[in-house]
Amino acid sequence: MQTLNIEYIDAGPDFLVATMPVNPSVHQPMGLLHGGASVALAESVGSAASFLFVNAAHSEVRGIEISANHVRAKRDGIVTATARIIHKGSSIHLWEIRITDEKNALISLCKLTTMVLPKRKIPPTPDGEIKVEPTKQ
């Protein structure tokens with residue numbers, strides 16, 4: 001979140017909103033917002049939104065598929081990503097993420113699927129610290 005300066009600004013029962021500045025740190029060589037930065041923003045806000053729906057003590061969230069259509073170029077300013085739930089199952093969440101500019105013009109339209117997994121724990125270390133084991137793929 002720090003690398004891309006993503007900031008979460010609003011949340012509700014079925015959505016999460018974040019902003020990201022558009023500047024040279026997220027430009028592609030032609031000076032436009034890089035599609036990969038847009039996708040990183042979309043996956044960040046969609047995954048964080050899924051995380052809000054689960055019990056963090058028992059579950060983890062992983063993005064398993066994302067698609068993006070970039071429909072308008074952006075050189076500078078701020079983009080806003082709004083993730084809205086399409087399907088909220090017990091193990092799969094489907095999100096639509098709309099990335100817009102300051103005038104609410106659509107920049108990118110993304111779809112993200114996240115999977116809810118049980119959190120895996122490993123025994124405490126000798127110093128008593130409990131660590132979480134990554135889910136094996």
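This is a predicted model: local features need pLDDT of at least 70, side-chain atom pairs count only at pLDDT 80 or more; totals for chains, interfaces and linings use all residues.
I started with a charge over a ring: the charged end of Lys88 sits over the ring of Phe53, 4.3 Å from its centre. For that label, NZ of Lys or CZ of Arg has to be within 6 Å of the ring centre and within 35 degrees of the ring normal.

Residues are numbered from 1 along each chain as its sequence is written, and side-chain values use heavy atoms, with hydrogens and water left out.

Next I looked up aromatic pairs, and the search of the whole structure gave 1. Phe53 and Trp95 are stacked, 5.8 Å centre to centre with 10 degrees between the planes. Rings of Phe, Tyr and Trp (its six-membered ring) pair if their centres lie within 6.5 Å; under 30 degrees between planes is stacked, over 60 is edge-to-face and the rest is tilted. Phe53 lies in the loop between H1 and strand S3 (59-70) and Trp95 in strand S5, so the pair ties together parts 42 residues apart in sequence. My helices (H or I, at least four residues) and strands (E, at least two) are DSSP runs, numbered from the N terminus.

Buried is under 20% relative accessible area, exposed is over 50%, and partly exposed is in between (1.4 Å probe, protein chains only).

Then I went for the largest nonpolar core, which has 21 residues; Met20, Leu33 and Ile97 are among those with the most contacts inside it. Such a core is a set of buried Ala, Val, Leu, Ile, Met, Phe, Trp, Tyr and Cys residues joined through side-chain atoms within 4.5 Å. H1 gives the largest share of this core, 5 residues. I checked Ile97 too: leaving aside neighbours within four places in sequence, its contacts (heavy atoms within 4.5 Å) include Val45, Ala81 and Cys110.

H1 itself has 18 residues and reaches 26 Å from first C-alpha to last, close to the 26 Å expected at 1.5 Å a residue. That expected span is 1.5 Å times one less than the number of residues. Among the buried residues of H1 are Leu41, Val45 and Ala49.

Last stop was Ala68, in strand S3. Ala68 and Cys110 are 42 residues apart in sequence but 4.2 Å apart in space, C-alpha to C-alpha.
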